[in-house]
Amino acid sequence: MIEIRAVETDADYEAWRQVRIAVLPYERCPSVAEMRAMESPERLLLLAEVDGEVVGSGLSDRSSEGGRASVAARVRPERRRQGVGTRMLLALSEHAAGLGYDVAGASVDDEGSLAFAHRFGFAEVKRQVEQVRPIGDEAWPAAPSEYRIVTVAERPELWAAAYEQVALPTFPDMDLPKPLDVSAEEWATEWINDPAAMFLAVAGDDVIGVAGLMLDTDRPERAEVAYTGVRREWRGKAVASTLKRSSMAWAAEHGITEIYTWTQEGNENMRRLNEHLGFTYGLVGIDVRAQLPLKLAE
Ligand SMILES: CC(C)(COP(=O)(O)OP(=O)(O)OC[C@H]1O[C@@H](n2cnc3c(N)ncnc32)[C@H](O)[C@@H]1OP(=O)(O)O)[C@@H](O)C(=O)NCCC(=O)NCCS
């Protein structure tokens with residue numbers, strides 16, 4: 001019998017994480033403490049159990065794209081095609097529709113999951129590409145003359161300034177229908193994990209660029225590239241590549257052997273920058289959207 005229930009205890013959170021890690025082994029999963037810090041009235045985490053064994057997990061939340069919900073149903077590969085994903089997705093969509101959302105977004109990266117999503121009326125809206133870079137001997141870049149590179153560990157107070165001076169003005173430049181809607185609190189808690197691995201470019205008293213890494217305690221040898229942004233008036237001056245090369249040199253010194261990032265297919269500037277830095281292409285993610293409440297096709 002399939003039972004769907006809400007995540008409550010730390011053990012539930014850990015069970016939720018283990019499903020996500022089994023389904024997406026190549027993506028960093030936030031720790032229990034990080035996930036606890038993300039709790040909000042709109043955010044729902046569910047577990048799917050069959051005969052008391054956790055076989056699936058799900059998430060419904062407000063999307064950072066704003067104005068819509070984001071849902072994710074995941075089932076352990078060996079427990080698929082038994083109706084678990086359907087039960088999970090319907091529970092997630094019921095929650096999102098109950099909050100008043102009329103559109104849900106999800107992301108899939110294999111044909112089977114796309115076929116599953118189509119049954120509920122999801123249609124493709126755009127694609128994201130994974131870019132991957134092995135880390136070898138990485139030289140620290142030469143110190144720039146017009147600005148300085150510092151870490152958030154050295155200047156913690158500048159992370160809030162980076163939100164105002166870099167994140168908010170550069171979010172509209174991503175290839176998204178609407179700029180990301182990220183609060184200052186989310187920026188402080190969800191967009192950074194180790195301040196020593198986050199680099200800022202500072203000119204005078206202003207933060208002009210940001211780039212760094214999100215570390216993975218489950219797979220310490222692999223890190224995800226964090227948000228990269230440079231103020232418009234400073235573009236074309238190698239600020240982003242200097243920041244990224246700094247994070248790559250830091251990675252090499254901290255036992256990291258591979259870094260990866262997901263970029264919107266249409267974000268030409270970021271893809272080209274990563275190509276220039278030696279990234280190659282990996283997986284393709286398909287972003288899909290459906291009207292809520294979801295209707296199961298016959
Ligand atoms: C998508 C996912 C959640 C489906 O879980 P599931 O428990 O296997 O789904 P269900 O058993 O409820 O599938 C219902 C129907 O969807 C379709 N479907 C599901 N997986 C399919 C596949 N691999 N190929 C073709 N059709 C598929 C079928 O019509 C299936 O009915 P059937 O088994 O009677 O033919 C699971 O494959 C998964 O975890 N994928 C990775 C995460 C992901 O991409 N989630 C996105 C969804 S929001």
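Mentor: What follows is a discussion of the fold, the domains, the ligand shell and some individual strands and residues.

Trainee: What kind of model is this, and how are residues numbered?

Mentor: This is a predicted model, in which local features need pLDDT of at least 70 and side-chain atom pairs count only at pLDDT 80 or more, while totals for chains, interfaces and linings use all residues. Residues are numbered from 1 along each chain as its sequence is written.

Trainee: How many helices and strands does the protein chain have?

Mentor: There are eight helices and 13 strands in the protein chain. Helices (H or I, at least four residues) and strands (E, at least two) are DSSP runs, numbered from the N terminus. The radius of gyration is 20 Å, close to the 19 Å from the globule rule for 298 residues, so the chain is as compact as a globular protein of that length. That radius is taken over C-alpha atoms, and the globule rule is 2.2 Å times the number of residues to the power 0.38.

Trainee: And what does the C-alpha trace span along its principal axes?

Mentor: The span is about 65 × 35 × 35 Å. Of the 298 residues, 33% count as buried. A residue is buried if 20 or more other C-beta atoms lie within 10 Å of its own, exposed if 12 or fewer, and partly exposed in between, with C-beta atoms placed from the backbone.

Trainee: Which domains does the assignment give?

Mentor: Domain 1 covers 2–128 + 286–291, and domain 2 covers 136–256. These bounds come from an automatic or database domain assignment. The contact takes 11 residues from domain 1 and 13 residues from domain 2, where two residues are in contact if their C-beta atoms, placed from the backbone, lie within 7 Å. Taken over C-alpha atoms, the domain centres are separated by 29 Å.

Trainee: What classes of residue does domain 1 have on the side that touches domain 2?

Mentor: That side has four nonpolar, four polar and three charged residues. Ala, Val, Leu, Ile, Met, Phe, Trp, Tyr, Cys and Pro count as nonpolar, Asp, Glu, Lys and Arg as charged, and the others, Gly among them, as polar.

Trainee: Changing topic, which residues come nearest to the ligand?

Mentor: Of the 22 residues around the ligand, Arg80, Gly85, Thr86, Gly112 and Ser113 come nearest. A residue is near a molecule if its C-beta atom, placed from the backbone, lies within 6 Å of it. Two or more shell residues come from each of β4 (69–75), α3 (84–98), β5 (103–108) and α4 (111–119). The most are given by α4, with six residues. By class, the shell has 12 nonpolar, six polar and four charged residues.

Trainee: Is β4 buried or exposed?

Mentor: Six of the seven residues of β4 are buried, so this strand is largely enclosed by the rest of the structure. Strand β3 (residues 53–62) pairs with β4 in the antiparallel sense over seven bridges, and two strands pair if DSSP finds at least two bridges between them. Arg62 has Ala69 in β4 as its bridge partner. The β3 and β4 hairpin has six residues between the strands, and Gly66 in the turn has a positive phi of about 80 degrees. On β5, which runs parallel to β4 and is joined to it by two bridges, Gly105 is the bridge partner of Ser70.

Trainee: What about β9?

Mentor: Eight of the nine residues of β9 are buried, so β9 is largely enclosed by the rest of the structure. Strand β9 (residues 206–214) pairs with β8 in the antiparallel sense over six bridges, and Phe199 has Ala211 as its bridge partner. These two strands form a hairpin with two residues between them, and Gly204 in the turn has a positive phi of about 60 degrees. Strand β10 (residues 222–225) also pairs with β9 in the antiparallel sense, over two bridges.

Trainee: Where is Asp287, and what is it in contact with?

Mentor: Asp287 is in strand β13 (residues 280–291). With 18 other C-beta atoms within 10 Å, Asp287 is partly exposed. Leaving aside neighbours within four places in sequence, Asp287 is in contact with Gly105, Ser107, Val125, Lys126, Arg127 and Gln128.

Trainee: And Pro177, is that residue buried or exposed?

Mentor: Pro177 is exposed, with 9 other C-beta atoms within 10 Å. Pro177 lies in the loop between α5 (158–170) and α6 (184–190).
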